[in-house]
Amino acid sequence: MNAAATEADHHHGPAPGLMRWVTTTNHKDIGTLYLWFSLIMFFIGGLMALIIRSELFQPGLQIVDPHFFNQMTTMHALIMIFGVVMPAFVGLANWMLPIMIGAPDMALPRMNNWSFWILPFGFGIMLSTLFMDGGGPSAGWTLYPPLSLQTGDAFPYLIFSIHMLGVSSIMGAINIVATIMNLRAPGMTFMKMPLFVWTWFITAYLLIAVMPVLAGAVTMLLTDKFFGTSFFNAAGGGDPVMFQHIFWFFGHPEVYILILPSFGLVSEIIPTFSRKRLFGYSSMVYATASIAFLSFIVWAHHMFTVGMPLTGELFFMFTTMLIAVPTGVKVFNWISTMWRGAMTFETPMLFALGFVVMFTIGGFSGLMLAMTPIDFQYHDTYFVVAHFHYVLVPGAIFGIVAGVYYWLPKWTGNMYNETLGKVHFWTSTVFVNILFFPMHFVGLAGMPRRIPDYAVQFADFNAIATVGAFGFGFSQILLLVLVIKCIRGGEKATDQVWEGAQGLEWTLSSPPPYHSFSVQPVIK
């Protein structure tokens, strides 16, 4: 077979239509599959959040029974973490990483295809647990025993689905590491890689390190339930708190897996729309690496109330406060990049700015939670819910959306509707704050999380939050409309999208791959 035919086969798949998408090994096709899958799961997980917020609109039990309410809180979290944020980041990495480092494709294209196709089946199994006897998991996404061991027939299916999602994540991470290590263009040294590549490189190592820990924890739950072991059963000499140690040793690096690629996306976008190089490139790389390192020694700050020795509490308090330093370095670097730049405020820049402001709010509440004596007051209240949603919604999700707007013209060849994009940004920003900000107040006043009913003094703030939830949820339909319109046509994107500043993507890299621009950006 001649080389041209092989090239065509590689880029268009062996068959037209549906089979092209099933069998493709092209990194762009697989990136697209990941992004569409993530968007579908976003609406499913969002629907669960709206069920939760509808029940909490006023005190008393109105809409769903408490067991189903707890299933919704559990499934909402699992879907948003493993089905939305992580696949979206992997999709963006698949699309852009090879282009950014000058590689022809990902290093392991067939494994790339496999790591995607595991996901729909894994989530099919997870969602099917809602229809089994006794219902799906209702112990919260953390699956703490002994409560999680009360789950009925659904339990083994839930554990199996988590294993599948873990396998997918590990394969995706190995692929990214292999690609970055082996397929960089000549002259593309590590310290010339774009920051999005760096953040994903570090995130991939975190994934490889911690996903097996989660697999171990859930397998021990499985053997406790079905094979008579007593890892977490006190009556058999086990310790339920040990599960929390194992789980959070996975869970804390995991929250950085959910945010580091967003840091990379924002570090691509802010320099472009400020018409300046990123301020302090090497300090950003070292900050990302130190965040990743420190994320392994802060896990027990989720466990201040379990009865740890004072020395342990002090250690985890100080390490948690230390991790705020490299994070702060990043925020100051973004601000310094914008300082005296020729800024314009297109949609990607708006989402990036929203990210910086609201992620910082989430960071400050995290610093409050890091203080052991204060955490005794906050633990398991809505203050914690407010904190992590500020990090994950205006943080991770806004970063993803910013990246999608930024690269849509590059992916589709068409310009998206700028007005609709700005409407999407402003409605999302207003409603996300109406949704999550009141949760700080009810949490400080003592409202516990994961409950379908609450004391009457929390009613007003809960009603406001529910209005925000519906507003935020429905404003995401704008994103769907906008993406479909952009794919179907519209004004053609030029080589110099963003007034030529798109080329700034390459100011830290050399040389730009031949297939990315018809006109090579001039780097002065």
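Contact here means heavy atoms within 4.5 Å, and by that criterion Phe359 touches Ile259, Phe263, Thr327, Gly354, Tyr390 and Val391, with residues up to four places away in sequence not counted. The model is predicted, so local features need pLDDT of at least 70 and side-chain atom pairs count only at pLDDT 80 or more, while totals for chains, interfaces and linings use all residues. Residues are numbered from 1 along each chain as its sequence is written, and side-chain values use heavy atoms, with hydrogens and water left out. Helices are DSSP runs (H or I, at least four residues) numbered from the N terminus.

**Helix packing**

- Two packed helices are described by the angle between their axes and the distance between the axes. Axes here are lines fitted to C-alpha atoms, for helices over the stretch in contact, and the angles run from 0 to 180 degrees between N-to-C directions.
- Helix H3 (residues 27–55) packs with helix H4 (residues 66–101) at an angle of about 160 degrees, and their axes are 7 Å apart. H3 and H4 are therefore roughly antiparallel to each other, where angles under 35 degrees count as roughly parallel, over 145 as roughly antiparallel, 65 to 115 as roughly perpendicular and the rest as oblique.
- The crossing of H3 and H4 is left-handed, a term that applies if the near helix is turned anticlockwise from the far one by less than a right angle, with right-handed used if it is turned clockwise.
- The residues in the contact of H3 with H4 divide into 25 nonpolar, 11 polar and two charged; Ala, Val, Leu, Ile, Met, Phe, Trp, Tyr, Cys and Pro count as nonpolar, Asp, Glu, Lys and Arg as charged, and the others, Gly among them, as polar.
- Helix H9 (residues 260–274) and helix H14 (residues 382–412) pack at an angle of about 50 degrees, with axes 9 Å apart, which makes H9 oblique to H14. The crossing of H9 and H14 is left-handed.
- On the H9 side of this contact are Ser262, Leu265, Glu268, Ile269, Thr272 and Phe273, which meet Gly395, Ala396, Gly399, Ile400, Ala402, Gly403, Tyr406 and Trp407 in H14. By class, the contact of H9 with H14 has eight nonpolar, five polar and one charged residues.

**Buried residues in helices**

- Phe359 lies in helix H12 (residues 347–370) and, at 7% relative accessibility, counts as buried; buried means under 20% relative accessible area, exposed over 50% and partly exposed in between, with a 1.4 Å probe and protein chains only.
- Phe359 and Ile464 are 105 residues apart in sequence, and their C-alpha atoms are 21 Å apart in space.
- Lys330, in helix H11, is buried with a relative accessible area of 0%. Leaving aside its neighbours within four places in sequence, Lys330 is in contact with Phe263, Met284, Ala287, Thr288 and Ile291.
- His389 lies in helix H14 and counts as buried at 15% relative accessibility. His389 touches His76, Pro394 and Phe436, not counting residues up to four places away in sequence.

**Loops and backbone**

- Leu143 is placed in the loop between helix H5 (109–128) and helix H6 (154–182), and its phi is near 55 degrees, a positive value in a residue other than glycine.
- At 4% relative accessibility, Leu143 counts as buried, and beyond its neighbours within four places in sequence it is in contact with Ser148, Leu158, Ile162, Val218, Leu221 and Phe243. The C-alpha atoms of Leu143 and Gln244, 101 residues apart along the chain, are separated by 9.2 Å.
- Pro146 also has its place in the loop between H5 and H6, and the peptide bond from Pro145 to Pro146 is cis, with omega near 0 degrees.
- Arg340 lies in the loop between helix H11 (310–338) and H12, and has a positive phi of about 60 degrees although it is not a glycine. Arg340 counts as exposed, at 76% relative accessibility.

**Helix H16**

- At 1.5 Å a residue, the 30 residues of helix H16 (residues 459–488) should span 44 Å, and the end C-alpha atoms of H16 are 45 Å apart, which agrees; the expected span is 1.5 Å times one less than the number of residues.
- H16 is followed by Gly489, whose phi is positive, near 150 degrees.

Note on methods. Helices (H or I, at least four residues) and strands (E, at least two) are DSSP runs, numbered from the N terminus.
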